[in-house]
Amino acid sequence: MKSFLLVFAVLVAKATGNLIAGRQTTVTDRKCSSLMCVSAIVNGSSVDYVLSSLGKRPLGWMGMGFGRAMANTPMVIMWVNDGKVILSQRIAPQEVMPTVDPNPPRVATLADSLTSIAGDSSNFGFSVPATIDTQQFIIFAYGTDSPGSSEVDADLRQHYEYRTVLLDLSGRSSTTTTSGSGTNPTKAPSGGNSDDIPLLPYQRMIVAHAIFCVVGFLLFLPAGALLARYLRTYTPTWFTGHWVAQFLVAGPTIIVGIALGIGSVTKAGAMHLNDTHKKLGVAIFVLYGIQLTLGAIIHWVKPRNTTRRPVQNYFHAVLGLLIIALAMAQVHSGFTVEWSKTTGREPFPNSVNILFYVWISLVTVLYFGGLALLPRQYRQESLPKRLPVTDDDEDNYVYRDRD
């Protein structure tokens, strides 16, 4: 009997030592971006969250919010100052710097056992009371500039990256690791992303904005320019097709696209004209209006007693090409940078990038190929004109030279 008790005592001591040296942690779900991961650990009446930097960028702060958009979402933001982790619970009425929330719906407490300070590869853990939700939308963000203060209301610089994801807290995707083994369950990238999350109303408006602007600026405007470039030396009706494409068709399309863009910013509660994409979009729209006005002036107000092509005609052509080139850059920044920055969703696949470059390459080759017709155009313009096709349309005249 004594031998049995002795063996039992040894086994209990060994098991207890193993538990102390290698406490098991069950990660209920984990989602990652390119710079950080968020792990959720359900512990009965509470949930632990671990924000882990992947060490790819300087770590200023990390934060997460319980919702699908920044506006009115309770957030927990954490950073290191003087070797101490600062936890700040905040909220924002729109996409502005969040301020301290004096009465958060769930009070977060720092989880020392899940927190480790390791420079740009640190882990910040906190705990909040659990809810009945097993599917939880969260946003999380990574900032590269430290607040440089221990005050919970310290100013924050805008995040470098953020994402919107759906966490599964039911335990179906849980993984178990041993803390004493040196393995950090939050450091490995997760397969989850935001592709399966339904679009919010403002995000659907962004998609519509992109479609209308791409069609207007990268289809109708280039089509009008190519029509003028290729047909002006072969048919007297080229100008009709040119202004119909550039104004009558492209104009309403572009206006709807711009309106949707402005509406999406308002719907999201975001700031207008607070980044390069928004400012450049307004600038391109203004240039488009100037281009239409200039085209009308060139058509209706013609200099007399001149044998040379007016300077404004060259300016009109160069400005048109500039608008299309800027629109190409704008569209590219829209789907490579602005989409993820504004919505927190995954970037578009590389196939979209390939399609974009194929299209702009095709348009560029076609336009510069049409420059081979310039000698014919200049030769025709140097000859006397016959009567205009219509009394009020001096652009649609017939040249003597028709070869």
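**The loop between H3 and H4**

Author: Leu273 sits in the loop between H3 and H4. Helices here are DSSP runs (H or I, at least four residues; strands are E, at least two), numbered from the N terminus. The model is predicted: local features need pLDDT of at least 70, side-chain atom pairs count only at pLDDT 80 or more, and totals for chains, interfaces and linings use all residues. Residues are numbered from 1 along each chain as its sequence is written, and side-chain values use heavy atoms, with hydrogens and water left out.

Leu273 is not a glycine, but its phi is positive, about 55 degrees. Its relative accessible area is 46%, so it counts as partly exposed (buried is under 20%, exposed over 50%, partly exposed in between, with a 1.4 Å probe and protein chains only).

Asp275 forms a salt bridge with Lys341, at 3.6 Å from N to O (a side-chain nitrogen of Lys or Arg within 4 Å of a carboxyl oxygen of Asp or Glu). Asp275 belongs to the loop between H3 and H4 and Lys341 to helix H5, so the pair ties together parts 66 residues apart in sequence. Asp275 is buried, because its relative accessibility is 9%. Lys341 is partly exposed, at 33%.

The count of salt bridges comes to four. One of them joins Arg163 and Glu346, at 3.7 Å from N to O. Arg163 is in strand E12 (residues 161-168) and Glu346 in the loop between H5 and H6, 183 residues apart. Arg163 is buried, with 7% relative accessibility. Glu161, Arg163 and Glu346 are linked in a network of salt bridges. Asp29 pairs with Lys31, their closest N and O atoms 3.7 Å apart. Both Asp29 and Lys31 are buried.

Now the helices that flank the loop. The second largest pocket has 42 lining residues, with His209, Ala210, Cys213, His277 and Gly334 nearest its centre. Elements giving two or more residues to this lining are H2, H3 (238-268), H4 (276-300), H5 (311-343) and H6. H2 gives the most, with eleven residues. The lining divides into 30 nonpolar, ten polar and two charged residues (Ala, Val, Leu, Ile, Met, Phe, Trp, Tyr, Cys and Pro are nonpolar; Asp, Glu, Lys and Arg charged; the others, Gly among them, polar). A pocket is an open set of points on a 1 Å grid over the protein atoms alone, where a 1.4 Å probe fits, with protein on both sides within 12 Å along at least five of seven lines; lining residues have an atom within 4 Å of a point.
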